[in-house]
Amino acid sequence: MRRWGRSLEVSLLLATLLFLPHHIRLAAGEAGGSGVMVVYDSLGLGTPNEGNVESLLRLLGALGVPASIHSMDDEDVGLRANRGLIVVRNAPELEDSYSRFEASELARYDGRYLHVGFGMPETYADMLGLKIGMSMAEPAKLTIGPIRMALLGAAGERLPYIAETYGHTFGRIAWLSTGRQTPFGAVNGTVATVPFFRADAASELAMAYVLKDWMQLPGEGKPYLLYKDIYPFTNLDLLKGTADALYAAGIPFIYSVRPVYANTDYPAMHRYLEALRVVQARNGAIFADAPNVSQVAGIQSENLAEKTELFLNVLGEAGVVPLGMGVSAELYWQAASGISNEGLLPFDTLVLYPPGRTAGLLRPERPAPRLFDSSMLAVRWSELGPYWEAGRRYPLPVDVAFVTEFYESEQEMKTAIQKLQDSWIPFADYKGGTHETLTSNHRMASKGGILSIDGEQVVFSRSEEVVNPDYDYRDEAPRSFERLFTVQNYIYLAIIGLSLVLFGVVLLVGYRIYKRKFMK
């Protein structure tokens, strides 16, 4: 399916603005009640454009902008109620749908307008002095901010580009065969355009620059380093060794740990918590990953908030302060998983990881999930890190979390950390912001680099407490009539002992009678 007949309303603003950190946000007066509407002709499933609508939603969430999404086939889109409009044209062959939308909806709209993809309306194109060209089937590389020559699109793909504009341009695309250089996007006042947008890390960061200028959003983002998929059975020596190496290199970091709902009193769990407590002392911050809600994994969506609180309370009682939750886009967009409505209730910070797949994520029949304050744009280190220009500092449009899997060996860790040092990326300390995690038992927070639990400052310790290995892994079964059977056993032992004594006496007497009678 390329078109959807119904709308999917997606709230991308945190329900309360009480705990806004330094992240880029709309002013409260601007954000209330109106946001940005994304209207698309096709989700581009099975094409190179697949996932770009979902990427736009993640970007708007990271920027703190409320958003909704509609298909062009919807009967009443209601553009006038929105602060901005983003039109995504992934399929130029769907001209009929676009023509109906332009005549019935777009002709009456007079707000901010951003056009992504093919066929920008002539009225808006004139406001940019825009002329669009079409590339040869040649590779293209993007340079913007700190990113240098990141590959865009497929090598044999023809792509639209900005040939002329008197708008303010962003980024530079180098077309390698022809030597042509063109802008990634352009903005002139309330009108903007990006001729093509793909769901990759470099394109997302470039789009963030355009969105920030188009929406006139204040502030500057920071880069963070985040390790995900850390388990209790992760190599704890390597876990602590990595923290030591990052601390020695002066690199703040985040460990996003998998939740544990059972056996939290086992010695192995205590050793894991001790390791995380030591990690905090090495300038590390802790996130909690969302669970993999599935029948196969044995984790159900029922009582997910209760299960999440259980794990968070275990962390808090061990002196570990979780500051946010990381969740994959697949889980987040599936309302049936319960993640967006239940699992995130304790947090005011969310990191939405890039999806492994995009097909079926934005299905209209699913109820809109409760989206939280996505404080960071999560990108894979492998996609963006190699293109980061070392030695220079560039302003970022949004907080960026470089996400990487945890290392499998000490040698891999040393090599990777050396690359991080060589990149000269000024990673920020997430504990420096204001964040809060609330459960029924504890209030865990950070402010200005100081962690606290229930108002008491967490004192960092670099020494581990020794965990007692003696543990009864199986509870003793309840025993009935234990005292009765104990007395009965004593009686039996006394009778048997008395019988043995009597038998000995009889044997001794018999021996003496035998000796007198037959051995004279």
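Strand 14, which covers residues 223–230, is where you'll find Asp229. Keep in mind as you look that this is a predicted model. Asp229 isn't a glycine, yet its phi is positive, at about 60°. Is Asp229 buried or exposed? Its relative accessible area is 18%, and anything under 20% counts as buried, so Asp229 is buried.

Now hop along to Trp424, another residue that has a positive phi without being a glycine, this one at about 55°. Trp424 sits in the loop between helix 12 and strand 21 (435–438). With a relative accessible area of 63%, Trp424 is exposed.

Helix 12 (residues 410–423) pairs up with helix 6 (residues 236–249), with an angle of about 25° between them and their axes 11 Å apart. An angle under 35 degrees counts as roughly parallel, so that's the word for helix 6 and helix 12. Their crossing is right-handed. On the helix 6 side, the contact is made by Leu238, Gly241, Thr242, Ala245, Leu246 and Ala249, while helix 12 brings Glu410, Met413, Ile417, Leu420 and Gln421. Sort these contact residues by class and you get 7 nonpolar, 3 polar and 1 charged.

Finally, look at helix 7 (residues 267–281) and helix 8 (residues 304–317), whose axes cross at roughly 65° and come within 10 Å. This crossing is right-handed.

Conventions. Residues numbered from 1 in each chain as written. Predicted model: local features only at pLDDT ≥ 70, side-chain atom pairs only at ≥ 80, totals over all residues. Heavy atoms only, no water. Axes fitted to C-alpha atoms, helices over the stretch in contact; angles between N-to-C directions. Helix = DSSP H or I, 4+ residues; strand = E, 2+ residues; numbered from the N terminus. Parallel < 35°, antiparallel > 145°, perpendicular 65-115°, else oblique. Left-handed = near helix turned anticlockwise from the far one by under 90°. Contact = heavy atoms within 4.5 Å. Nonpolar A, V, L, I, M, F, W, Y, C, P; charged D, E, K, R; others polar. Buried < 20%, exposed > 50% of the residue type's maximum accessible area, 1.4 Å probe, protein only.
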